[in-house]
Amino acid sequence: MFVTVEGPEGSGKSSVMKRVAERLQKEGFDVVLTREPGGTPIAEQIREVILNKENTKMDKITEALLYAASRRQHLVEKVWPLTKEGKLVISDRFLDSSLAYQGGARGIGIDKVLEINMAATEGYYPDLTLLFDVAPEVGLARIAANKGREVNRLDLEKIEFHREVRQTFLDLAQRFKDRFVIIDASQPFEKVIEDAYKAIKDRMVK
Ligand code: TYD
């Protein structure tokens with residue numbers, strides 16, 4: 001089974017999924033937690049190019065292609081072989097992040113970004129996608145709290161961008177109803193863990 005976890009920054013998805021994976025491992029499931037962009041040495045090198053703050057001249061289509069390239073490498077080297085072995089692979093971000101960030105917020109368009117990704121995924125989709133939904137104000141405030149500082153002017157300027165990301169994720173959850181489960185990430189940490197765990201267990205039974 002291939003599970004992906006999506007959501008805006010500050011949704012808590014990475015720390016929640018660590019706990020969910022530990023719980024499933026204790027129950028005897030063979031769980032592999034991975035992430036995008038990255039997850040393998042080559043894909044991590046591509047990640048460095050994408051997230052390097054000095055690359056201010058990066059064209060948005062170039063950016064989308066690099067995410068797709070890193071995704072391809074991650075699928076071929078890790079996700080496909082491991083799921084074939086019967087492991088439960090959980091990826092912190094996948095295709096829907098490209099659709100929400102590059103397609104929605106950066107304005108390339110969902111269908112164009114889907115097309116760019118077809119070469120990478122060959123039409124492969126996750127069995128289950130957990131969307132950690134939270135308002136951008138809450139997510140950004142959490143990040144600021146972690147860093148021990150107030151939300152600043154730059155964070156607030158970015159809020160429009162994050163609203164667009166959130167809305168696109170919600171639209172995607174409508175469009176791909178069969179594989180999406182929305183998790184209310186504004187709830188207390190332990191409750192979010194419980195909901196995410198249950199969503200995965202439910203899907204296993206089906
Ligand atoms: P990361 O530090 O992993 O953030 P997070 O902990 O929030 O997942 O950085 C990943 C960033 O890359 C994040 O801002 C979302 C963005 N991203 C895209 O824009 N498109 C994509 O396809 C993926 C996978 C990530």
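Trainee: Over which ring does the charged end of Arg179 sit?

Mentor: A charge sits over a ring if NZ of Lys or CZ of Arg is within 6 Å of the ring centre and within 35 degrees of the ring normal. The charged end of Arg179 is 4.5 Å from the centre of its ring. That ring belongs to Phe176.

Trainee: What kind of model is this, and how are residues numbered?

Mentor: Each chain is numbered from 1 as its sequence is written, and side-chain values use heavy atoms, with hydrogens and water left out. Local features need pLDDT of at least 70, side-chain atom pairs count only at pLDDT 80 or more, totals for chains, interfaces and linings use all residues, and the model is predicted.

Trainee: And how far is the charged end of Arg23 from the centre of the Tyr197 ring?

Mentor: Here too the charged end sits over the ring. For Arg23 and Tyr197 the distance to the centre is 3.6 Å.

Trainee: How many aromatic pairs are there?

Mentor: Rings of Phe, Tyr and Trp (its six-membered ring) pair if their centres lie within 6.5 Å; planes under 30 degrees apart count as stacked, over 60 as edge-to-face and the rest as tilted. By this rule, the count is 6.

Trainee: Take Tyr101 and Phe161: how many residues apart in sequence are the parts they tie together?

Mentor: This pair is tilted, at 6.2 Å centre to centre with 55 degrees between the planes. Helices (H or I, at least four residues) and strands (E, at least two) are DSSP runs, numbered from the N terminus. Tyr101 is in helix α4 (residues 95-105) and Phe161 in helix α8 (residues 159-175), so the parts tied together are apart by 60 residues.

Trainee: Is Tyr101 buried or exposed?

Mentor: Buried means under 20% relative accessible area, exposed over 50%, partly exposed in between (1.4 Å probe, protein chains only). Tyr101 has 11%, whereas Phe161 is partly exposed at 23%. So Tyr101 is buried.

Trainee: Which class does the pair of Tyr101 and Phe169 fall in?

Mentor: Their centres are 6.3 Å apart. The planes are at 80 degrees, and the pair is edge-to-face.

Trainee: Where is Arg93, with its positive phi?

Mentor: Arg93 has a phi of about 75 degrees although it is not a glycine. At 15% relative accessibility, Arg93 is buried. Its place is the loop between β3 (88-92) and α4.
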